Amino acid sequence: MLDHKHLFIDGRWQTPSGQGVADVINPATEAVAGRVPLGDERDVDNAVAAARKAFDSWSRTPSSVRAGYIRALAEQLKARADEMAAVITTELGMPVQWSRSVQVDGPILGLEQYVELAAVMDEVREVGNSRVYREAVGVCAFINPWNYPLHQLIGKLAPALAAGCTVVVKPSQDTPLHAFLLAQMIEDIGLPAGVFNLISGPGSKVGEALARHPDVDMVSFTGSTGAGVRVSQAAAPSVKRVCLELGGKSALLIAEDADLEAAVRYGVQDVMINSGQTCTALTRMLLPASRYAEAVEIALEETLSLKMGDPLDPQSFLGPMCSAGQRRTVLDYIKVGQEEGARLLCGGDVGGFERGYYVSPTLFADVNNSMRIAQEEIFGPVLCLIPYDDEAQAIQIANDSPFGLSSGVWAGSTGRALELGRQLRAGQCFLNGAAFNYQAPFGGYKQSGNGREWGEEGLNEFVEVKAIQV
């Protein structure tokens, strides 16, 4: 068991002011996998003070030196990748092969790009009699989610370090163990004291204290839309910068000329990875009515082929939900879908597991886009199949959502897919099964949030722009 008793503040492990500890539950076994201390407002004050003290020196450190620390952290993650993947599997329940490739190897790629992007901070643009400089925004608070914990932490930390910001990190109380391992790596590379600070604790106490703290210049939050609203409200009195990566209810539009089998199988797998606990999951599959019956059969066959089981078994495609509460939420939504009149093709149960927070891969056919299961983020292994009559209707259905984080199109050619994808109101669009790109900006429209992560746009979130007239 991983038993952490200290918080990482000002370059050293410190006894927290807060009282008590939180158990971290292995969602596959329901056993205690680790413990972390519960910080409080005094710990927040200490961490923010340390970050504020370190900011002037760190922000003036040459970009090449900051890049060196980023490179060293990437090397640490590479050397301990299996250890980090095992920790994330233990706290999240994602099958270990996915934890390594998605939860660890992906963030390493994202981290490495900022070795080069740190130099962007040195660029000076001349406009008329003005020189335009980039400067670090200041002290940043990161409030991170449980579903892709290291991914989202690195997506904030890497550009912040490149820009010259100092940070205070609060991981999710469900999955904090990875952050303590990362803090050990940061200690090992000798990052200057106060540049990185780690506090664990509940969002209602630690997260809110960070969001409203007058000495925090920016807060970056990943989580539900409702929680994002509360973070924005807490941050508003000090007019600090707020970057939000929130929920999604994304559509996969499969055109009539698409390779139907490839498109449908891709769509099923996209939703079921991480047991549906993915904000960008393409949870609404839009299918041409002329090919709907065939598509339903393919989707059912693919869903039933996916093995759910022990996340330590390399044959498992799905593991459990992250928590008992998330399992309850998903099962409640499945009940709602049945009550709304959607046709349950498979799943909807716990798959016969007596222990662990499992929910079987679930497929709903004949879904109307006005149903709650088509409008609200379920965050579980639940896919809605929705027929459409023509492409104009398909685009209307895809855009009929309060969210706009991601989307997908599968068509007979890249050109045709691109034509359709440009009409979808979302910050991301994946054409014909294209891969995620860490060099491209990531973020959403509408209630999916504001701001961007990854790439140069991700760096810009941590930058103030100063014009000096000469």
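Colleague: Which residues of the largest nonpolar core touch the most other members?
Modeller: This is a predicted model, in which local features need pLDDT of at least 70 and side-chain atom pairs count only at pLDDT 80 or more, while totals for chains, interfaces and linings use all residues. Residues are numbered from 1 along each chain as its sequence is written, and side-chain values use heavy atoms, with hydrogens and water left out. A nonpolar core is a set of buried Ala, Val, Leu, Ile, Met, Phe, Trp, Tyr and Cys residues joined through side-chain atoms within 4.5 Å, where buried means under 20% relative accessible area, exposed over 50% and partly exposed in between (1.4 Å probe, protein chains only). Among the 105 residues of this core, those that touch the most other members are Leu157, Leu182, Phe196, Ile254 and Val264.

Colleague: From which domains does this core draw at least three residues each?
Modeller: Domain bounds come from an automatic or database domain assignment. The core draws at least three residues from each of domain 1 (2–246 + 449–469) and domain 2 (251–431).

Colleague: Which residues does Val264 touch, not counting residues up to four places away in sequence?
Modeller: Contact means heavy atoms within 4.5 Å. With residues up to four places away in sequence not counted, Val264 touches Ile254, Met285, Leu287, Ala295, Ile298 and Ala299.

Colleague: Are Ala251, Leu252, Leu253 and Ile254 of strand 13 buried or exposed?
Modeller: Strands (E, at least two residues) and helices (H or I, at least four) are DSSP runs, numbered from the N terminus. Strand 13 covers residues 251–254, with Ala251 and Leu253 on one side and Leu252 and Ile254 on the other. Both faces are covered, and these four residues are all buried.

Colleague: In the open sheet with the order 1-5-4, which strands stand at the edges?
Modeller: This sheet has 3 strands and mixed pairing, and 5 bridges join strand 4 to strand 5 (residues 32–37), which run antiparallel. Each edge strand has a single partner strand, so one side of each is left without a neighbour in the sheet: these are strand 1 (2–3) and strand 4 (21–25).

Colleague: How many Å apart do the C-alpha centres of domain 1 and domain 2 lie?
Modeller: The domain assignment gives domain 1 and domain 2, and their contact takes 24 residues from domain 1 and 26 residues from domain 2. The distance between the C-alpha centres of the two domains is 31 Å.

Definitions and conventions:
Pairing = 2+ DSSP bridges.
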